[in-house]
Amino acid sequence: MSRAPRLTWGALVLLAVSGFLNYFDRANLSVGAAQVQSELHLTSYQLGLLLSAFFWSYALMQLFLLAGWLADRFNVCWVLAVGFFLWSGATAVTGTTRTFAMMFALRLILGIGESIAYPSYSRILANYFPEHHRGMANAMIDAGTKLGPAMGTLIGGLLMAVYGWRAFFVVLGAGSLVWLIPWILWMPRGEGAETVEHPKAMPTAGHIVLQRAAIFSALGLFCSNYFWYFLLTWLPYYLQSARHFTAGKMATTAASAYFLIALSTMIAGHLSDRWIARGASVNRVRKTCAGIGLTFSTIILPVAIIQDGGTATVFLFLACFSFGIYTANVFAITQTLAGPRVAGKWTSLQNGFANLAGVAAPWLTGFIVQQTGEYFWAFVVAAAVVLAGAAIFVFGIGRLEPVKWARPTGVSFPEALDA
């Protein structure tokens with residue numbers, strides 16, 4: 001079996017760390033939601049707006065292709081570095097804010113910086129990793145994005161209880177900037193990362209949205225993102241407000257749930273790569289993982305019904321482990337369909353639309369809770385949406401194979417990127 005170059009795997013570790021810090025930053029507000037709400041005198045509706053603000057700019061940056069265009073048009077490694085600097089700085093400054101308006105603005109800036117991440121990840125992996133390595137490569141990054149909330153919830157919950165949310169935000173944001181040093185030193189270099197293609201050789205957004213697979217991959221990711229952002233933004237608050245967990249118990253329970261997703265995604269990524277390497281079709285492997293993972297994520301519904309906290313926690317953990325089976329493969333699906341030339345732009349469009357779920361899930365959950373006074377219907381919506389996502393990935397996308405992009409007259413594509 002062929003192996004990716006050692007330098008590439010080293011850079012992959014740094015990408016996984018960036019994903020960890022990316023989601024560590026996203027989770028910190030939900031962990032400190034009770035403190036922030038009390039100190040800034042926010043209503044539940046205002047808290048929902050703050051929790052969703054990040055996703056407004058995050059999604060729009062990708063929907064309008066700014067993030068994907070940057071990742072595909074310029075040196076993607078430097079594009080990622082600039083985005084990382086922006087989102088870490090915004091996190092640090094958030095710890096100093098005193099008003100709802102200022103915090104809302106900083107969450108928008110955080111979204112702009114982090115919008116660069118996934119288009120950059122897809123571009124790098126599509127350039128440097130063959131198909132039978134992408135399951136594990138994507139799983140490592142995805143595990144980082146799940147360990148981020150896990151550790152952010154655990155460490156953040158415990159430290160905020162002692163030092164307050166402000167100090168935690170400042171130290172987290174400023175400390176994260178250290179990542180830039182090894183990234184600049186060890187980021188991938190060479191033909192794959194340095195090549196800037198002729199603009200006419202790049203498929204446009206119009207070419208992408210005409211593809212059935214692009215439409216359905218975006219819809220499917222929207223559904224799975226709704227479920228994930230429901231967990232990410234409201235689970236800690238739910239455990240404290242509805243289950244009456246202490247801050248410490250909330251932190252360990254939510255962190256364990258996120259950790260199980262990370263563990264599951266690593267297992268699923270490794271097994272899916274081995275399955276493909278042994279001759280199974282990409283179509284069969286990726287769709288099986290997506291269908292099983294998303295379908296069994298609906299096990300989360302009993303969490304809102306069962307009275308016993310321990311039993312409800314078991315169902316929560318089972319749902320999260322199931323979700324991880326899916327997450328290892330979702331962006332591998334995108335990279336297969338798009339190919340190296342347009343992986344960043346396709347991911348940008350797909351992720352931009354899908355992350356509108358980051359606006360919808362926190363807002364709609366807050367609205368439902370405020371109107372009904374309970375969480376049951378919020379869990380019903382999350383389970384129904386994730387089940388719809390399973391159907392879309394299995395039946396809607398079509399066969400998983402690289403799109404045959406048309407060649408513009410008089411323009412040739414680099415052979416290395418033409419597969």
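**Cavities and their linings**

Reader: Which helix gives the most to the lining of the largest cavity?

Author: α13 does, with five residues. Helices here are DSSP runs (H or I, at least four residues), numbered from the N terminus. This is a predicted model: local features need pLDDT of at least 70, side-chain atom pairs count only at pLDDT 80 or more, and totals for chains, interfaces and linings use all residues. Residues are numbered from 1 along each chain as its sequence is written, and side-chain values use heavy atoms, with hydrogens and water left out.

Reader: What makes a space a cavity?

Author: On a 1 Å grid over the protein atoms alone, a cavity is a set of points where a 1.4 Å probe fits but cannot get out. Lining residues have an atom within 4 Å of a point. The count comes to six cavities of 30 Å³ or more.

Reader: What volume has the largest cavity?

Author: About 150 Å³. A volume is the space filled by probe spheres set on the points, which are joined across faces, edges and corners. Of its 18 lining residues, the closest to the centre are Tyr118, Lys146, Leu221, Asn225 and Phe331.

Reader: How many residues of the lining of the second largest cavity are charged?

Author: One, beside six nonpolar and four polar. Asp, Glu, Lys and Arg count as charged; Ala, Val, Leu, Ile, Met, Phe, Trp, Tyr, Cys and Pro as nonpolar; the others, Gly among them, as polar. Asp142 is in this lining, so by that rule Asp142 counts as charged.

Reader: Which helix gives the most there?

Author: α7, with four residues.

Methods
On a 1 Å grid over the protein atoms alone, a cavity is a set of points where a 1.4 Å probe fits but cannot get out, and a pocket is an open set with protein on both sides within 12 Å along at least five of seven lines; lining residues have an atom within 4 Å of a point. Helices (H or I, at least four residues) and strands (E, at least two) are DSSP runs, numbered from the N terminus.
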